[in-house]
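Hello,

Here is the structure I promised to pass on to you. Please have a look at it first, and then read on for some notes on what turned up.

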Amino acid sequence: RGTRAVMSSPEMETLVQNHGLSLRGAEATKPPFSYLHAFFKAMSSPYDRESNPDGYVNLAVAQNFLTVDAVQRRLSEAMRLPQPTTTACYDNMRGSDRLRNALARHMRRVIAPDADEESIHPDRLCVSAGCGAVIDNLFMTITARGDGVLIPAPYYPAFDNDLKVRNGVHAIAVQGVNDESLPNLQQIGAAIEHATAKGIEVRAVLLTNPSNPLGVVYTNKEMLKLCRAVLKEGLHVVVDEVYASSRWCGGDGDIKFVSALNWKPSEFAGDDWALGDVQKAMATHLHCVYGLSKDFCASGYRVGVLCTRNTMVIKAMDNVGYFCAVPGPMQFAVAEMLEDEQWIDAFLAENSNNLKQARGVLCGVLHNAGVPVVNSTAGMFVWIDLAAWMGAQTWAEERRLWSACFEDEKTKLVMTPGRDCRSATPGKFRICFAAVKREALVVAASRLVDLLGRYR
């Protein structure tokens with residue numbers, strides 16, 4: 001009882017006493033981010049030019065509606081095919097053989113074309129109901145309650161909840177020299193020292209490349225330098241590559257995306273780290289996450305996959321995968337879709353073009369209004385800076401501006417506040433430009449500019 005009182009708030013204790021919840025259950029009643037209420041209100045009354053022109057536009061959800069019709073048609077075709085009776089039966093809880101083979105081939109061909117076959121072997125894949133489930137189960141196997149995970153900030157706003165709600169793991173934000181830079185080794189070391197002083201053991205670093213919320217691609221040199229140092233210290237490295245194919249720039253001046261699955265032990269080995277030790281570290285402590293939610297406009301399909309060489313992690317996922325397995329008919333249809341490589345290539349090209357055009361529409365309006373925007377080349381976000389419109393550079397002022405965007409009758413716009421993304425400074429916001437069709441995006445951008453013109 002004494003330990004519970006120290007760990008919990010009076011509000012949580014009330015839930016425990018009055019509703020029969022465990023402390024863990026009480027903690028799960030907390031919303032995963034600060035704007036959840038706005039999210040649901042906007043969903044209940046969305047903008048529609050004809051039926052609801054004064055409705056809300058929700059640009060706080062990382063979904064891609066731009067090319068969803070093409071995916072729905074292709075999956076529907078697959079669903080109409082005769083399915084073996086095995087799709088109605090228990091199967092490998094890490095995914096059917098057919099689906100894991102299809103995913104492995106797709107990842108080798110599209111995500112990591114320079115990877116060797118063993119790096120993305122079907123036996124190394126664990127399929128679960130979305131990347132959230134993958135991350136939840138992975139950190140259940142590699143961390144203990146009370147451990148810490150370093151995450152370069154700003155980052156995906158639900159990571160805090162994803163790590164804490166069931167596993168009790170602390171997300172620790174680590175800032176770089178600016179928003180677009182990964183933290184350097186000194187900043188990583190300082191974060192570990194600070195956590196240790198608070199009694200938190202850091203067990204892993206979690207990176208997202210391409211970045212959510214920035215939409216930038218980190219250079220392979222940056223990634224290798226950071227991950228080499230972390231792996232050498234015995235920490236796990238988890239690389240979330242769920243936006244790997246959601247890229248639209250590929251010119252000479254653009255940073256090339258390189259999957260962590262392409263990395264070779266020779267790139268880490270050196271005088272201070274023997275090749276054999278590198279191979280062991282990569283085999284046990286390097287993990288990659290991918291899924292269909294973003295690249296395939298399919299967040300509702302709930303298909304995520306972990307790629308790891310750690311055989312004991314895979315064995316553990318065999319067990320916990322039972323609780324979040326993808327339904328057999330969906331596995332069949334997704335495998336059928338992924339095996340259609342001609343369709344995949346055409347779809348990814350169409351989706352890339354749609355993303356580029358939507359971002360161009362939004363950024364054109366924002367640039368004309370003088371709103372600073374990070375130069376993104378991937379994902380479905382723009383990271384904007386509205387600090388110049390705030391009366392003071394405080395988190396309270398950021399919240400006031402966010403609330404005005406949501407509550408103003410002429411605006412009714414939901415964005416992700418920078419504080420939820422662990423921004424270093426107030427006034428930054430994430431806008432998901434693929435969350436709505438282009439017409440609604442134009443309306444949202446115009447509404448925002450109008451509000452800024454009269455906001456003080």
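In which helix is the place of Lys315? Lys315 belongs to helix H12, which covers residues 311–320. Before going further, please keep in mind that this is a predicted model.

Is Lys315 buried or exposed? Its relative accessibility is 55%, and exposed means over 50%, so Lys315 counts as exposed.

Three strands make up an open sheet, in the order S9-S12-S11, with antiparallel pairing. Strand S9 (381–385) and strand S11 (416–417) are at the edges with a single partner strand each, so one side of each has no neighbour in the sheet. S9 and strand S12 (residues 428–432) run antiparallel and are joined by five bridges.

Helix H14 (residues 341–368) lies across S9 and S12, and runs at about 10° to S9. Helix H15 (residues 395–407) packs on the sheet too, where it touches S11 and S12. The direction of H15 makes about 30° with that of S12.

H14 also meets another helix. The axes of H14 and helix H6 (residues 97–111) come within 12 Å and cross at roughly 45°, which makes H6 oblique to H14. From H6, the contact involves Arg105, His106, Arg109 and Val110; from H14, Glu341, Ile344, Asp345 and Leu348 take part. The crossing of H6 past H14 is right-handed.

Last, a look at helix H11 (residues 275–285). Which of its residues are buried? Val278, Ala281 and Met282 are. Why do they sit on the same side of H11? The arc they cover around the axis is only 95°, and that puts them on the same side. In general, an α-helix has 3.6 residues a turn, so residues three or four places apart point the same way. The buried residues of H11 pack against helix H10 (220–232) and strand S7 (286–291).

Enjoy exploring it, and do write back with any questions.

Best wishes

Conventions. Residues are numbered from 1 along each chain as its sequence is written. This is a predicted model: local features need pLDDT of at least 70, side-chain atom pairs count only at pLDDT 80 or more; totals for chains, interfaces and linings use all residues. Side-chain values use heavy atoms; hydrogens and water are left out. Buried means under 20% relative accessible area, exposed over 50%, partly exposed in between (1.4 Å probe, protein chains only). Helices (H or I, at least four residues) and strands (E, at least two) are DSSP runs, numbered from the N terminus. The arc is that of the directions from the helix axis to the C-beta atoms. Contact means heavy atoms within 4.5 Å. Two strands pair if DSSP finds at least two bridges between them. Axes are lines fitted to C-alpha atoms, for helices over the stretch in contact, and angles run from 0 to 180 degrees between N-to-C directions. Angles under 35 degrees count as roughly parallel, over 145 as roughly antiparallel, 65 to 115 as roughly perpendicular and the rest as oblique. A crossing is left-handed if the near helix is turned anticlockwise from the far one by less than a right angle, and right-handed if clockwise.
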